[in-house]
Amino acid sequence: MVVLRAHMCPGLELQLVRDLREADISTVEELVSADLEALAQKCSVSYKALLAIRRVLLAQHTAFPVSGADLYEDLLSSTAILSTGHPRLDELLDSGLYTGELTELSGGPGTGKTQVCFGVAVHIALHLKQGVIFIDTTGGITATRLHQMLQTESSSLEEQIAALQRIHVFQLFDVFSLLDCLCSLRRSGLQPVAVGGACVRAVIIDSVSAVISPLLGTRHTEGMSLMMQVAALLKALVKDFSVAALVTNHVTRSVGGAVRPALGVSWSHLPRTRLLLEGPDRSTHSFSSLRSATLIKSSRQPCHMRVEFDLSWWSRSKEVPSAKRKHS
Amino acid sequence: LCSDWFKTMQGFVLFARLEARRSLKDIEPRLFPDNGGPENGEVVEIFGPEGTGKTELLYLLLSRCILPLSAGGLELSVIFVDADFSLDLFRLVSILDNRLHTTDEALLRSCLSRLLVLHCSSSSQLLLTLHFLETSFASRPDQSLLLIDSISAFYWLDRAEGRTSYSKQEEKLNKCSELLGRLLRDYKITVFATSSSAPSPSPAPSHSSAPSPSSAPSSSAPSPSLDQDKPYLCRAWQKLVSHRLTCSKSEIVPKMATTTASSLMGPKRRRATQFTVHCSSRNKGSRINHFTVTDRGVEFITELNQD
C-alpha cells in the first residue's frame with residue numbers, strides 16, 4: 001500500500017493530494033482503480049491531468065516487465081556456481097551452490113549443519129576469494145573455529161587473515177533483527193560489505209528456523225506472515241544481487257514417523273534445493289564425523305540421491321577435535 | 001478537447017476488444033476433458049502442495065505457446081507474472097532446447113522474446129501490475145495467455161495486514177480478482193494460475209506421537225486429505241475459476257517386469273516420482289492424468305505404459 005504524497009510525481013501538488021483524500025482516495029492503488037471522470041469533477045481538476053498522474057504512478061510502482069530473452073542474457077552473465085569445497089556434497093548439488101537460488105540444509109541436532117556452513121564459508125572466502133555474509137542466530141560461530149579451519153587449508157597468515165576479512169558475521173537472535181538486517185543489506189546493495197574488491201557471493205543463515213519456529217503455533221498468523229516476509233526478502237536479495245543463499249533448518253516428524261524439514265509447507269516452496277543431513281550412524285563410534293546427506297528437493301538431480309560424507313573434510317590435514325560434543 | 005481525446009481512447013480500446021484473440025482450447029488437450037479446453041476468458045487454477053509439478057505444468061504450457069509452429073508450438077506471446085520468484089529460466093531453456101532439436105541461438109532468443117516476465121513482491125504490486133497490463137492487452141492482440149505463479153503467494157502477508165477482519169484480509173485479492181474478471185471479459189485472454197494447498201492449522205513441531213496434520217505428502221500413497229484440497233482463497237477468485245487442476249505426487253518403485261515405463265527409468269530399481277493431475281471443469285466433467293518430469297519437461301504416461 002503506497003500512500004499518496006505531494007510531489008510523488010509531476011502534477012501531484014499538495015492541494016490535489018488533500019482534495020483526493022477528501023474524496024476517499026489516499027493510496028496509489030485507490031487512485032489507479034478509481035473512476036477518473038467522476039474524480040476529476042469532484043476534485044475540480046482536469047481529466048487529462050489525472051490521467052497523466054495515473055500513468056506516471058503506474059509506471060513508477062508496477063513490476064518492471066522484462067522480456068524472456070533479456071532475462072536469459074542477464075542470467076547467463078551473472079549466474080555462477082560456488083563449490084562447497086566437499087566433492088561429495090558438490091555431486092549432490094550438481095557442482096555446488098547456484099547463485100540466484102536458495103539451498104536449504106535440514107537436519108536434527110548434531111548432524112553437522114553448522115559444520116557444513118563453516119566449511120562452505122571458509123572454502124568460498126579462501127579458495128574462491130569471494131565475500132561471504134554469515135548470519136548467525138544460534139551463537140555457534142567463533143572466529144577461533146574459522147581460523148582453525150583456515151589454518152589447515154593454507155599456511156600463510158596473510159591469506160588466512162584476508163579470508164577471515166571476507167567473512168562478515170551478523171549475530172542476531174530474533175526475527176525482527178533478521179528482517180532489519182536483510183532489509184539494510186538489500187538497501188545498501190551489499191556494497192559496504194565488500195572489502196578489498198571481493199564482492200559478496202554467498203549469504204549463509206544458520207539457522208533460520210531458530211528465529212522463526214518459536215513464532216509458529218500460538219500467534220499463528222503473525223508468525224506465518226513474518227516467515228513469509230523473511231522468505232520474500234531473502235528471495236529478492238538473492239535474485240537482485242545474484243548471490244547464493246544457504247540456510248539451515250530443523251526437522252520434525254510427520255505422521256508416518258518420517259523425518260522432514262521443519263517450518264511447514266509454506267516455507268518449503270522457498271528453497272530450490274533441499275538437503276537432509278543424517279547421522280552419525282548409531283552403530284559406529286559416537287564421535288564419528290561421518291554423515292549422510294539426502295537430496296529431498298531438486299530441480300536438477302533426481303530426488304533421494306544420497307551420499308556419505310565426512311565432516312572433517314574441511315579440516316582434513318590436521319586432526320582437530322570437533323567443536324561440538326556429539327551424543328549418541 | 002479532452003472529451004474528443006477520451007472518445008479516441010475509447011474507440012481504440014473497443015477495437016482491441018473486438019479483434020478476436022487466439023483461442024487456447026487446444027493448448028494441451030491431454031490435460032482437459034474431451035473438448036473441454038479453456039475457452040477465451042476462462043481461468044484455470046493449478047492447485048497442489050509443494051513439489052507436485054505445478055510450475056512444471058506452467059513450463060509445459062509456456063513452451064507450447066512460445067515455440068514456433070515448426071516445432072509444434074503456437075507462436076503466441078505470453079505474460080508471466082512471477083509472484084514467487086520461482087521462474088527458473090535455465091530449466092525453461094533446457095526444455096525449449098530439447099523440443100527445438102537445434103542449437104540455433106537466434107531461434108531460442110526469438111522464442112524467449114515472446115515471453116514477458118514481471119516480478120511482483122506484494123498483492124498491491126500485483127494489483128498495479130494488472131492495471132498496467134491492461135494497456136498491454138489493449139495494444140497487442142497477440143497476447144492471449146497470462147500465467148500467474150502463484151496467486152496464493154501473498155496469502156499470509158495479506159492475512160497479517162488484515163488483522164482480525166476477514167474482509168480486510170481478503171480485500172486485496174478481491175480487488176485483484178475483480179480486476180482480472182474485468183480484463184477477462186473485455187480482452188478475452190486466458191489465465192492459468194498456480195496456487196498452493198491450504199495452509200495447515202498448526203505447523204508446530206511435535207516430537208511425540210501426537211497426530212499433527214501432515215501437510216506434505218512425502219512418501220505416502222497419493223490421497224490428499226479433504227482439508228488440503230479445500231479452496232481457501234477469497235470468494236471472488238473462486239467465482240472466476242472455471243477449471244481446476246489438482247496436482248499430487250507419489251513415489252512408485254518400478255516393477256522388474258519389462259514394461260516400457262521401467263525401462264525408461266533405467267536399469268536401477270530407484271524410487272521414481274510420478275505426478276498426478278486431476279482436472280475438473282465446470283459443467284464439463286473431469287479427467288485424471290499421470291506424468292513424470294524429465295529433461296524434456298512434462299511427459300504424460302499413457303494407459304499402456306502405466307505400471
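The questions and answers below go through a predicted model with chains A and B.

Residues are numbered from 1 along each chain as its sequence is written, and chains are lettered from A in the order in which they are written. In this predicted model local features need pLDDT of at least 70 and side-chain atom pairs count only at pLDDT 80 or more, while totals for chains, interfaces and linings use all residues; side-chain values use heavy atoms, with hydrogens and water left out.

Me: How many helices and strands does chain A have?
Reply: Helices (H or I, at least four residues) and strands (E, at least two) are DSSP runs, numbered from the N terminus. The C-alpha trace of chain A spans about 80 × 50 × 35 Å along its principal axes. On that definition, chain A has 13 helices and 13 strands.

Me: What share of the residues of chain A count as buried?
Reply: Buried means under 20% relative accessible area, exposed over 50%, and partly exposed in between (1.4 Å probe, protein chains only). Chain A has 328 residues, and the share that count as buried is 53%.

Me: What share of the accessible surface of chain A belongs to carbon and sulfur atoms?
Reply: Accessible areas come from the Shrake-Rupley method with a 1.4 Å probe, and for residues only the protein chains shown count as cover. For chain A the area comes to about 14500 Å², and the part that belongs to carbon and sulfur atoms is 53%.

Me: Among contacts in chain B between residues at least 6 apart in sequence, what share join residues at least 24 apart?
Reply: Chain B has 10 helices and 9 strands, and 52% of its 307 residues count as buried. Contact means heavy atoms within 4.5 Å. Among the contacts in chain B between residues at least 6 apart, the share joining residues at least 24 apart is 74%.

Me: Are helix 8 and helix 9 of chain A parallel or oblique to each other?
Reply: Axes are lines fitted to C-alpha atoms, for helices over the stretch in contact, and angles run from 0 to 180 degrees between N-to-C directions. The axes of helix 8 (residues 143–153) and helix 9 (residues 157–166) of chain A come within 10 Å and cross at roughly 135°. Angles under 35 degrees count as roughly parallel, over 145 as roughly antiparallel, 65 to 115 as roughly perpendicular and the rest as oblique. That angle therefore makes helix 8 of chain A, relative to helix 9 of chain A, oblique.

Me: Which residues of helix 9 of chain A meet helix 8 of chain A?
Reply: From helix 8 of chain A the contact takes in Leu146(A), His147(A), Leu150(A) and Gln151(A). On the side of helix 9 of chain A, the residues are Leu157(A), Gln160(A), Ala163(A) and Leu164(A).

Me: Is the crossing of helix 3 and helix 4 of chain B left-handed or right-handed?
Reply: Helix 3 (residues 89–100) and helix 4 (residues 105–112) of chain B pack at an angle of about 125°, with their axes 11 Å apart. A crossing is left-handed if the near helix is turned anticlockwise from the far one by less than a right angle, and right-handed if clockwise. The crossing of helix 3 of chain B with helix 4 of chain B is right-handed.

Me: How do helix 5 of chain A and helix 3 of chain B lie to each other?
Reply: The axes of helix 5 (residues 68–78) of chain A and helix 3 of chain B come within 10 Å and cross at roughly 110°. Helix 5 of chain A passes helix 3 of chain B in a left-handed crossing. The two helices are therefore roughly perpendicular.

Me: Which residues of helix 3 of chain B meet helix 5 of chain A?
Reply: Helix 5 of chain A brings Gly68(A), Leu71(A), Tyr72(A), Leu75(A) and Leu76(A) to this contact. From helix 3 of chain B come Leu89(B), Phe90(B) and Val93(B).

Me: Is Ala125(A) buried or exposed?
Reply: Ala125(A) is in helix 7 (residues 113–126) of chain A. Residues that Ala125(A) touches, not counting those up to four places away in sequence, include Val132(A) and Ile167(A). With a relative accessible area of 0%, Ala125(A) is buried.

Me: Which residue does a cis peptide bond join to Asp206(A)?
Reply: The omega of this bond is about -10°.

Me: Is Asp24(A) buried or exposed?
Reply: Asp24(A) is found in the loop between helix 1 (14–22) and helix 2 (28–33) of chain A. Asp24(A) has a positive phi of about 70° although it is not a glycine. At a relative accessible area of 65%, Asp24(A) is exposed.
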